[in-house]
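Work through the exercises below with the structure in view. Each task is followed by its solution.

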Amino acid sequence: MSKEEYRIESDTIGPVKIPKDALWGPQTERSRNNFPSGELMPLQIIRAFLHLKKAAAESNVEVGDEPKEKGEAIEDAIDHLLALSDEKLRKDFPLHVLQTGSGTQSNMNVNEVVANLANKLHPGLDILPNDDVNRGQSSNDTYPTTMNIVAVEALDKLEPAIQHLIDELVIKEKKYWKTVKVGRTHLQDATPLTFGQELSGYISALKHDLSYIQELKPTLYELAIGGTAVGTGLNAAPGMTEKIAGKLSEVYGHEFKVKTNKFWGLAHHSGLDVVHGALKTVAADMFKIAQDVRMLASGPRAGYHELNIPANEPGSSIMPGKVNPTQAEAVTMAAVKVFGNDTTITVASSQGNFEMNVFKTVIIASFLDSCDILTGTITGFADKMIHGLTVNEDRMDELLENSLMTVTALSPHIGYHAAAKIAQTADKEGTTLKEAALKSGKVTEEQYDKWMDYMKMTNVDKSTPEE
């Protein structure tokens, strides 16, 4: 870097060369060079930091701990930054997730950029990153505060995606409520049910998953701001944090609160851990649903082929006309990624020493990744798989007629062992169940036709679709 391309600034360690046009300062530059690996700090966190710093500046002015002109200059700079597109905003926030586990360097990145921009917009005020932008705060309470805020934001996007899939499944459930098919347990034939009933199980699972998220989400409304360095609140002005919570609640539309144990807020991330457990549950249920759909659509000639799935793209570079269940594959891959993220968050939440967890950046990056990939793949599964899904009724009828487990309907009339012998005979001799039943002498044709009522076996008239 030539002399014309950089400027020199100093921090408490010494002088640092910084790109001439960069808004960041020496601490950001040190981190940029010391930690160049892995994904970049999510911009959701940067925007949450900016909202937090603006709320802090306003609150400090209101409680008399910050000169009004400085507070307004900080707010003005932040408004300029918040108005930028993600592409333009990224330019001055180049740090990576894999940095100090407290997120200190990203907190300072925000402090430095806001201070430098405020000084450009309002010359002569001499606004400082630590003394003014970070007034009454510490990385140790600001970063966990942004963690909870962006987690809530991410859940706000995931919840509608889950509900959208539920809505699409309900449409199919009602359409196929009385479409009878063979049931399966242990990958073996079982008694009949309707496809609508099968779908109702998926719908119920997702409705439960959504309720788990909604019930657990409020734990994330508890913010660490006000704890400063170790939870004692040193250097935070009285009344400042309550005002911050009110302002953030207005911005995000959630009732954030700061009346919570700060020692817990800095040293533990129980809320993120437990809520991600609900995300893992969503992923597990989505894996099961996607797996079922792609297996039921397998074929079309050499598989179950009970379902017809949309042909969204060519399925093979060598086999013409092949259609693959790609949306289901995306869901299952997302699910295993979420399982991995859950392990990361669980282990990371158990770490750190004494007054602070120092795995914060990887915890929230993993949480956001899970929300993002679940939101995207669930939406794609709903729109590009379930929406266009149809039933192959002829194939369902064929498999049902060939099933041996409908013999269960005979058990109440001729006994379990006699019914089992009929099924075993049909299987061994390759005949239909009816032929084996009549051959046994235990059942007349009239009785067989009366008792072998597939629709009645489903008890579908005694239940109603999930809504």
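**Exercise 1.** Locate serine 317 and decide whether serine 317 is buried or exposed.

Step 1. Serine 317 lies in the loop that joins strand S5 (307-308) to helix H12 (326-349); helices (H or I, at least four residues) and strands (E, at least two) are DSSP runs, numbered from the N terminus.
Step 2. The model is predicted: local features need pLDDT of at least 70, side-chain atom pairs count only at pLDDT 80 or more, and totals for chains, interfaces and linings use all residues. Residues are numbered from 1 along each chain as its sequence is written, and side-chain values use heavy atoms, with hydrogens and water left out.
Step 3. The relative accessible area of serine 317 is 83%, so this residue is exposed (buried means under 20%, exposed over 50%, partly exposed in between; 1.4 Å probe, protein chains only).

**Exercise 2.** Find where glycine 103 sits and what glycine 103 is in contact with.

Step 1. The loop between helix H4 (86-90) and helix H5 (104-121) holds glycine 103.
Step 2. Its relative accessibility is 0%, so glycine 103 counts as buried.
Step 3. With neighbours within four places in sequence left aside, glycine 103 is in contact (heavy atoms within 4.5 Å) with Tyr143 and Thr361.

**Exercise 3.** Describe how strands S1 and S2 are arranged.

Step 1. S1 (residues 6-10) and S2 (residues 15-19) pair in the antiparallel sense, over five bridges; pairing requires that DSSP finds at least two bridges between two strands.
Step 2. Opposite glutamate 9 stands valine 16 of S2.
Step 3. Four residues separate the two strands of this hairpin, and glycine 14 in the turn has a positive phi of about 155°.
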